[in-house]
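Hi,

Here is the structure I said I would pass on. Have a look at it first, and then read on for what turned up.

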Amino acid sequence: MPGLHSYSADELFQFLIQKDDMLVLDVRNEEDFNRFNVEGPFPFEMTNIPYFDFMEAEDASVAKVPRDKPIKVVCAKEGSAQYVGEILVNNGFEDVSYLTGGIKTWGNMLAPNRINFESDSYSLFQFIRPGKASCNYGLIYNGEMVVFDPSRNFEFYQSFAETQNARIVRSFETHLQADYISGSKQIANETGADIFAHHGDFKDASFKYNELGDGDIYSIGNDGPEIRVLHSPGHTPGSTSYIIDEKYLISGDTVFIQSVGRPDLGGKAEEWSISLFETLTKKVQSLDSKINVLPGHYMDWTEANSDLLFSETLGQIIENNSEVYQMDSPEKFTQFIKDNMRESPKVYGEIRKVNAGWLDVDIDEADIMDLGKNECAATTYNAQKV
Amino acid sequence: MNEIEFNQELDCRGLNCPLPVLKTKKAIDEMAAGDVLKMISTDPGSQNDVTAWAKRTGNDILSAGHEGSDFIYYIKKN
């Protein structure tokens, strides 16, 4: 239909960071909309009018849509957004487009952002997944790329490596993820890259991986930057952080810019809390305070810096979360975790099984399991300095 | 499982949204008040959509369940 066009999830992210004047019109049902919707670094206008409202009361529904700005329609898969888009075009709207592939393509979309200086010999990228509020990483040097905590958007990693004239050689896991489906297995299958993971989480995994040891040092491209392994248990027993070039700490779900990783997702809140307390007090706090923390998640976009990167010095993080870092006994810390526990999403048990290779799901099931924001931080409010 | 009596059956297997809800709406529009429609969909997304649509239009979902890959709804027109 003339007048109706489409846009991709990548383009939607560009509209959001350019602060385009537009309306995101989400036509899914209210429940699905409230569970998960589009988020961006800057405020933007968004409305939820279910597509069946346009069926039942076209004129009244159309009247709710402003005519003075581009309308970006979003739905679950794309059919309903197209349907509503056509209704709007038929009603004289001039700039209407629908999201190709629906909200799940937004949920899987990765936005690459360079972390280190252009003048460095290697490049380190943060791959932000706005639909999950998570970050994963890519390190490139001399034609080789290693990834950290890849999600299952294999096409993205493959084409990104190509643009960097690199091939993916290793995939490092910070832990057995419960909130999203890992892409490591597929990357290994498709490219021959090796998977590296800690046996504390992966000992029962059904696939082959290389066991990480605390203090192990890896390199990339022969003489590239050092990747130092720091076993940092607590969020899970096998949680591992990676220190890149002594300047960056890929912290997984151990240290976040706001708060720390939840130690209660595995049903052993007490035991894992004590372990996290040890990690934070003995290992994390003894690192150089100038090291840049690159977390596995963020709570919301207010944590991003002016380059839209989720990166903060360890010193600043310790100061901002002083209530957590100043706790002087494991008992107090455990009590703090218990006071702030909330239910863990039911799907996390299933996702863990997929990530350990015990459960195979088809792409539709994976799309459903993998949609939505993470629930991995211990608390969003009480850890903050008031 | 108890069989629910219905007046009309609508097969929406293989269709994606908005079609299952659109066809359901059209079928219900042509039925008499008190009649029951049995609708079968294979779209998992239909679950929240059909429920929300029925609530919005004031029709009753007598039963919503699934057998294999089929989601089966009995909707009574009010």
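Start where the two chains meet: 14 residues of chain B are in contact with 14 residues of chain A. Keep in mind as you read that this is a predicted model. Put together, the two chains bury about 1,300 Å² between them, and 58% of that is on carbon and sulfur atoms. On the chain B side, the residues that lose the most area to chain A are B:P18, B:N48 and B:R56, which together make up 37% of what that side buries.

What about charges and polar groups? Between chain B and chain A there are three salt bridges. One you can look up is between the side chains of A:K77 and B:D43, with 3.2 Å from N to O.

Which elements of chain B give two or more residues to the side that touches chain A? They are α1 (19–30) and α2 (46–57). Of the elements, α2(B) gives the most, with six residues. Sorted by class, the chain B residues on that side are seven nonpolar, three polar and four charged.

Now for the empty spaces. Rolling a probe the size of a water molecule over the atoms is a way to see where space is left. The structure holds three cavities of 30 Å³ or more, and the largest cavity has a volume of about 40 Å³. If you want to find that largest cavity on screen, select the residues that line it: A:H175, A:L176, A:Q177, A:A178, A:H235, A:T236, A:L265, A:R352 and A:C376. By class, its lining has four nonpolar, four polar and one charged residues.

The lining of the second largest pocket divides into nine nonpolar, eight polar and eight charged residues.

Happy to go through any of this with you on screen.

Cheers

How values were computed
Residues are numbered from 1 along each chain as its sequence is written. Chains are lettered from A and ligands numbered from 1 in the order in which they are written. This is a predicted model: local features need pLDDT of at least 70, side-chain atom pairs count only at pLDDT 80 or more; totals for chains, interfaces and linings use all residues. Side-chain values use heavy atoms; hydrogens and water are left out. Contact means heavy atoms within 4.5 Å. Buried area is the accessible area (1.4 Å probe) that two parts lose on being put together, summed over both. A salt bridge is a side-chain nitrogen of Lys or Arg within 4 Å of a carboxyl oxygen of Asp or Glu. Helices (H or I, at least four residues) and strands (E, at least two) are DSSP runs, numbered from the N terminus. Ala, Val, Leu, Ile, Met, Phe, Trp, Tyr, Cys and Pro count as nonpolar, Asp, Glu, Lys and Arg as charged, and the others, Gly among them, as polar. On a 1 Å grid over the protein atoms alone, a cavity is a set of points where a 1.4 Å probe fits but cannot get out, and a pocket is an open set with protein on both sides within 12 Å along at least five of seven lines; lining residues have an atom within 4 Å of a point. Grid points are joined across faces, edges and corners, and a volume is the space filled by probe spheres set on the points.
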